[in-house]
Amino acid sequence: MKTAGMKASKRRIRPGSGLLFAVTVFLAVLFLAPVFFAIISAFKSNGDILKNPMSLPASLYLKNFQDLFAQSDFVTAIFHSIVLTLVSEVLIVFIVPMAAYAMERRKTRTTRLIYTYFLAGMMIPFHLYMFPLFKEMKMFGLFGNLAGPVACYISGSVAFGSLLYCSFLKGVPLEIEEAAQIDGCNPFQTFWKVTFPLLGPCTASMVVLNGLGIWNDFLMPYLVLPSDRAKTITVEVYSFVGQYTARWDIVFAGTVCSIIPALIIFVLLQKYFVKGITAGAAKGEWARGDAPTLAERPGTAGAEDSAASCFLGGRN
């Protein structure tokens, strides 16, 4: 009986937990309500949206999607969004980890100054340096083409990316890199063949955060790309909102089309995204000396194989 009573007391919900759950549910509803409204409005006519915005669609009204592709160059807008996102993501994943690796592994006065300079850039809002940035883009011939937004996305991701990767690199054991160097790897090979595969969760976090930001960005493509051609999805959808009239049915249809790819990517990378964001919490373990042995660390087997490949490649 005592055991049953103790188990019942352990299962009893504390007031603080109940309040936390209620706040979580409230925030979930608050964030999901606009998405739900956009989805139901995408399958209603413009008149039904204006007459009764919160009502469910009476039938599966698909003419909005037909008008979206018929009355705009939405296919080209999708292509531009994909190109901007993919090219920016590839270059970000190629540049930012190497910069963070150099600052974390070579701790000199110069690297500390650069790291502080990068972090200081996070404190300055984009709108403050927006006009000088556009002037520089015109000087370098980046204004009016896709290269301009790509360059801005890469430079804008360096500050937060360096902070994220440097925090994650504190938990990567140096013994693996030293073993790779003994086996004949140069610093470039050590990073890409040994260290970078261990940064998977951090890289997934960068891909999700930057990918969603680039895919949903409106201001940069709207101001930089030429106005007489199709731009990105968000800008093309905005073209249906006028000063006096608006085709909300087409706007919500385009919004749903833009949500689906981003939602799929986020669901696929959600597990790694959470791991990468919380990576900095593990560095205390390494500092106390409570870290597991090299063989017990997850993901290090592939790094050891990569180090061995450097040795074999050097011999050949």
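**A helix pair and the core around it**

Author: The crossing of α8 and α11 is right-handed, meaning that the near helix is turned clockwise from the far one by less than a right angle. Helices here are DSSP runs (H or I, at least four residues), numbered from the N terminus. This is a predicted model, in which local features need pLDDT of at least 70 and side-chain atom pairs count only at pLDDT 80 or more, while totals for chains, interfaces and linings use all residues. Residues are numbered from 1 along each chain as its sequence is written, and side-chain values use heavy atoms, with hydrogens and water left out.

The axes of α8 (residues 147–169) and α11 (residues 200–215) come within 10 Å and cross at roughly 155°; they are lines fitted to C-alpha atoms over the stretch in contact, with angles from 0 to 180 degrees between N-to-C directions. The two helices are therefore roughly antiparallel, a term for angles over 145 degrees. Contact means heavy atoms within 4.5 Å. On α8 the contact residues include Tyr153, Phe160 and Tyr165; on α11 they include Cys202, Met206 and Leu209.

Tyr165 also belongs to the largest nonpolar core, which has 34 residues, and is one of those with the most contacts inside it, with Leu199 and Met220. Such a core is a set of buried Ala, Val, Leu, Ile, Met, Phe, Trp, Tyr and Cys residues joined through side-chain atoms within 4.5 Å, buried being under 20% relative accessible area with a 1.4 Å probe, protein chains only. α8 gives the most to this core, with ten residues. Beyond four places in sequence, Tyr165 is in contact with residues including Val96, Pro97 and Ala100.

Key:
Angles under 35 degrees count as roughly parallel, over 145 as roughly antiparallel, 65 to 115 as roughly perpendicular and the rest as oblique. Buried means under 20% relative accessible area, exposed over 50%, partly exposed in between (1.4 Å probe, protein chains only).
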